Amino acid sequence: MTETITPVTGGRDQDFLAPAARLRGAGIGGLEELTDLERSERLARMRAGTLGSVHSWELVTAVDGPGTRMTVFLNGCPLRCLYCHNPDTFLMKDGEPVEADELLRRMRRYRGVFRASKGGITLSGGEVLMQPAFAARLLEGAKKMGIHTCLDTSGFLGANATDAMLDNVDLVLLDVKSGDEETYKKVTGRSLAPTIAFGDRLAAKGIEIWARFVLVPGLTDDPANVENVARIIERWRPVVSRVEVLPFHQMGTDKWDTLGLDYKLRDTRPPEPELVESTRAIFRSHGFTVH
């Protein structure tokens, strides 16, 4: 397969785009699919970490960590975020079975690109920690090749990340979806506490964090909620190198409709520039570098 690679560059709107809109989200092009596996064999190999359920992969620049990244989107997520732009990753069974070794071969091909751009690989989702054995194998293999590694996670399943796995992680993009429990549950259907506990672990291990916060008018934009997010992130200050405020948009609407899911934010508008700036100002007032 001949590929033409044109990494995405530029503005922060790229941060929150669904894979299909970002560059290479049209499935697992270039990777070998294993569609003839028996269910029992597939599950056994997934538990062992040699096989994963993969939604898509892409190459992007200045989006999922520093430099040019190979971002792999895994299927399966325990959260049901109202603003999710990848509802097609909710269920692990909906992904394509891909061998860890196949992805590692692909990573090896791009080592020169990673070195030149100071980039690397990012494991995202869905929720990457739904498939911890698979993620651990990819991270270990990448580190053995000298590739910078990154996890993009909500932290809700942080307990699934062993210390051995985290030893192979250079950076975590940690999505702090709300600063108070009630709003967090409204946004995700789950509890805030596991994210805080995971951030505490990362800080204790000295792993760099880029904290992320999605700004949704009428849902997460209350200044008191933003202040609470900032106070949570302050717990991890020594390792937080930046905070990213990601403006909500409607790019995932078609996916919700296609899947027949009830999209409750259909009438919500993206935040005005003034609201984005005032939100970023709150994080700056806590001494963070904000994007």
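**Close-up 1. K264 and D262 pair up through their side chains in a salt bridge, at 2.9 Å from N to O.** A salt bridge here is a side-chain nitrogen of Lys or Arg within 4 Å of a carboxyl oxygen of Asp or Glu. K264 has 58% relative accessibility and counts as exposed, and D262 is exposed too, with a relative accessible area of 54%. For these labels, exposed means over 50% relative accessible area, buried under 20%, and partly exposed in between (1.4 Å probe, protein chains only). Bear in mind that this is a predicted model, where local features need pLDDT of at least 70 and side-chain atom pairs count only at pLDDT 80 or more, while totals for chains, interfaces and linings use all residues. Residues are numbered from 1 along each chain as its sequence is written, and side-chain values use heavy atoms, with hydrogens and water left out.

**Close-up 2. K93 meets D94 in a salt bridge.** Here the N to O distance between the side chains is 3.2 Å. K93 sits at 66% relative accessibility, so it counts as exposed. D94, at 40%, is partly exposed.

**Close-up 3. D175 and K177 form a salt bridge.** Their closest N and O atoms are 2.6 Å apart. Buried or exposed, what are D175 and K177? Both residues are buried.

**Close-up 4. A network of salt bridges links D152, R212, R242 and E244.** As a general point, side chains of opposite charge can pair when their charged atoms come close. Counted by the salt-bridge rule, the tally for the model is 17.
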